[in-house]
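Have a look at the model first.

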Amino acid sequence: MKFIFLRCVAILLCNSCNRGINNTIKITGVAQGTTYHITYLAGPNSNYREAFDSIFKKIDLSLSTYVPASIVSRINKNDTAVIVDDYFTDVFKKSIEVSEKTKGLFDITVAPIVNAWGLGFTKKEKVNKLLMDSLLRYIGYKKVRLEGKKLVKEMPQVMLDFNAIAQGYTVDVLASFLESEGIINYLIEVGGELRAKGKKADDSYWTVGIEQPNEILTDGALLEAKVRIKDKA
């Protein structure tokens, strides 16, 4: 009888622990000029909103062209006193790697052209072939390099734009943080960039919807497809 009683207690404790670990926590907000949604399974008292906000802020202060005091903004303004941080170094090196693999189809020095079209951090210009030809002189991933903690530009007119990679990188940083906290089941989305690991509380894989590519966005847009994600980004 004692054995049966202890076994029952053990089962109850185990079930209690599982219920605690399987709490579904959803945190949403606005960051990096877009929205984010982070869902994960954890025990009580595992709300990491402040930690997430801190990560967003640190990355923005490194990589955002919309933050005047950020590292990349200061580099674009030719501030020679700038010392890059680990976030900048990671993204810069990965960007150069992707540029090399795509033979320059991906290029973080595209900022002057992005700006000219009004899609960057300056006002739109009157775009014509003459302007584009003049700006192309400053485009090329081989025109920038890291020397220790300093970025060296071939010409002062060269500017960087990390927007094509920064949000995906942010998702990876958030995922690394959750895993450092022992979280093994999560779905992270920042501006459409996704990463999922493990499963939901009901033991099914994370599912995301892909909206139909309509020119006019409306609330409740029809889904083109639903995709189950298993340990992928």
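## Two helices crossing

Is the crossing where H2 passes H4 left-handed or right-handed? It's right-handed. Keep in mind that this is a predicted model. Packed helix pairs are described by the angle and the distance between their axes. Here, helix H2 (residues 49-63) and helix H4 (residues 86-101) have axes that come within 8 Å and cross at roughly 65 degrees.

On the H2 side, the contact uses Lys 58, Ile 59, Ser 62 and Leu 63, while H4 brings in Tyr 87, Phe 88 and Val 91. Sorted by class, that makes 5 nonpolar, 1 polar and 1 charged residues.

## The sheet and what packs on it

Next up is an open sheet of 4 strands, ordered S1-S2-S5-S6 and paired antiparallel. Strand S1 (23-31) and strand S6 (193-197) are the edges, each pairing on one side only. From one strand to the next, the twist averages 10 degrees.

Inside that order, strand S2 (residues 34-42) and strand S5 (residues 186-190) run antiparallel and are joined by 5 bridges.

Helix H7 (residues 166-180) lies across S2, S5 and S6, and runs at about 150 degrees to S5.

Most residues other than glycine have a negative phi. Asn 78 sits in the loop between helix H3 (71-76) and H4, and is partly exposed at a relative accessible area of 37%.

Asp 203 isn't a glycine either, yet has a positive phi of about 75 degrees. Its place is the loop between S6 and strand S7 (206-211). With 54% relative accessibility, Asp 203 counts as exposed, because the cut-off for that is over 50%.

## The chain overall

Zooming out, the protein chain has 7 helices and 8 strands. It has 233 residues, and 39% of them count as buried. The chain exposes about 14400 Å², with carbon and sulfur atoms supplying 57% of that area.

As for contacts, take those between residues at least 6 apart in sequence: 47% of them join residues at least 24 apart.

Technical notes:
Residues numbered from 1 in each chain as written. Predicted model: local features only at pLDDT ≥ 70, side-chain atom pairs only at ≥ 80, totals over all residues. Heavy atoms only, no water. Axes fitted to C-alpha atoms, helices over the stretch in contact; angles between N-to-C directions. Left-handed = near helix turned anticlockwise from the far one by under 90°. Contact = heavy atoms within 4.5 Å. Nonpolar A, V, L, I, M, F, W, Y, C, P; charged D, E, K, R; others polar. Pairing = 2+ DSSP bridges. Buried < 20%, exposed > 50% of the residue type's maximum accessible area, 1.4 Å probe, protein only. Areas by Shrake-Rupley, 256 points an atom, 1.4 Å probe, with all protein chains shown as cover.
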